[in-house]
Amino acid sequence: MKRIVASFFLSLDGVMEAPEKWHFPYFNDEMGQAVEDHLAGADTMLMGRRTYEEFSGAFAGRTADDDPIAGRINATPKYVVSTTMTAPDWENSTLIGGDVVEAVTRLKQGPGAAIAMSGSATLVRTLLSAGLVDELRLLVHPIVVGAGARLFEESAQIPLRLVESRAFATGVLHLTYAPEA
């Protein structure tokens with residue numbers, strides 16, 4: 001059975017919105033390796049419509065020669081959850097509509113490695129509540145952004161256990177959590 005591993009850039013106050021405005025001063029080789037490890041451990045990507053649009057705008061049409069991460073992402077099968085999209089146009093993309101929990105449960109039951117998620121907070125909250133997320137990787141940046149969408153707005157309690165933690169030279173904490181059994 002596939003595992004779902006969700007990864008987020010977060011500010012210290014829990015903001016995950018618009019990391020392009022506050023994340024890059026903290027990016028270093030350690031963080032680059034963490035991002036690369038996240039993608040390397042997966043053979044499938046799962047995302048919501050907005051993340052899909054951001055990623056396709058950044059990576060579609062780029063080759064591994066342009067950017068090794070773009071080459072990997074373009075070649076990876078991608079599943080986009082949306083109620084408004086009619087057909088995804090980025091290579092190797094499949095639309096998930098209807099009952100998301102049922103569709104993702106079927107996706108997890110397939111053979112292969114992990115399913116990587118980056119961004120898509122609403123989708124991650126839904127899947128966490130349904131018990132479908134196996135690992136949550138948070139890259140917590142030492143900055144208070146002050147405003148913006150947070151990963152966890154109001155929701156039911158979801159007990160997690162710390163699996164791993166590392167501090168990067170930039171002060172970013174790489175925290176890995178799994179749901180309590």
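**View 1. The salt bridge of Glu135 and Arg137 in a predicted model.** Glu135 and Arg137 are joined by a salt bridge whose closest N and O atoms are 2.7 Å apart, a salt bridge being a side-chain nitrogen of Lys or Arg within 4 Å of a carboxyl oxygen of Asp or Glu. Salt bridges with shared partners link Arg3, Glu135 and Arg137 into one network. Glu135 has a relative accessibility of 11% and therefore counts as buried (buried means under 20% relative accessible area, exposed over 50%, and partly exposed in between, with a 1.4 Å probe and protein chains only). The model is predicted, so that local features need pLDDT of at least 70 and side-chain atom pairs count only at pLDDT 80 or more, while totals for chains, interfaces and linings use all residues. Residues are numbered from 1 along each chain as its sequence is written, and side-chain values use heavy atoms, with hydrogens and water left out.

View 2. A search of the whole structure finds 9 salt bridges. One of them joins the side chains of Arg49 and Glu53 at 3.0 Å, N to O, and these two residues lie 4 residues apart in helix H2, about one turn of the helix. Arg49 is partly exposed at 28% relative accessibility, and Glu53 is partly exposed at 41%. Arg62 forms a salt bridge with Asp67, with 3.7 Å between the closest N and O atoms; Arg62 is partly exposed at 34%, whereas Asp67, at 18%, counts as buried.

**View 3. The aromatic pair of Phe55 and Phe59.** The structure holds 2 aromatic pairs. Phe55 and Phe59 form an edge-to-face pair, 5.8 Å centre to centre with 75° between the planes (rings of Phe, Tyr and Trp, the last by its six-membered ring, pair if their centres lie within 6.5 Å; planes under 30 degrees apart count as stacked, over 60 as edge-to-face and the rest as tilted). Both Phe55 and Phe59 are buried, and about one helical turn separates them because they are 4 residues apart in helix H2 (residues 49-59).

View 4. Strands (E, at least two residues) and helices (H or I, at least four) are DSSP runs numbered from the N terminus, and two strands pair if DSSP finds at least two bridges between them. Strand E3 (residues 78-81) and E4 run parallel, joined by 4 bridges.
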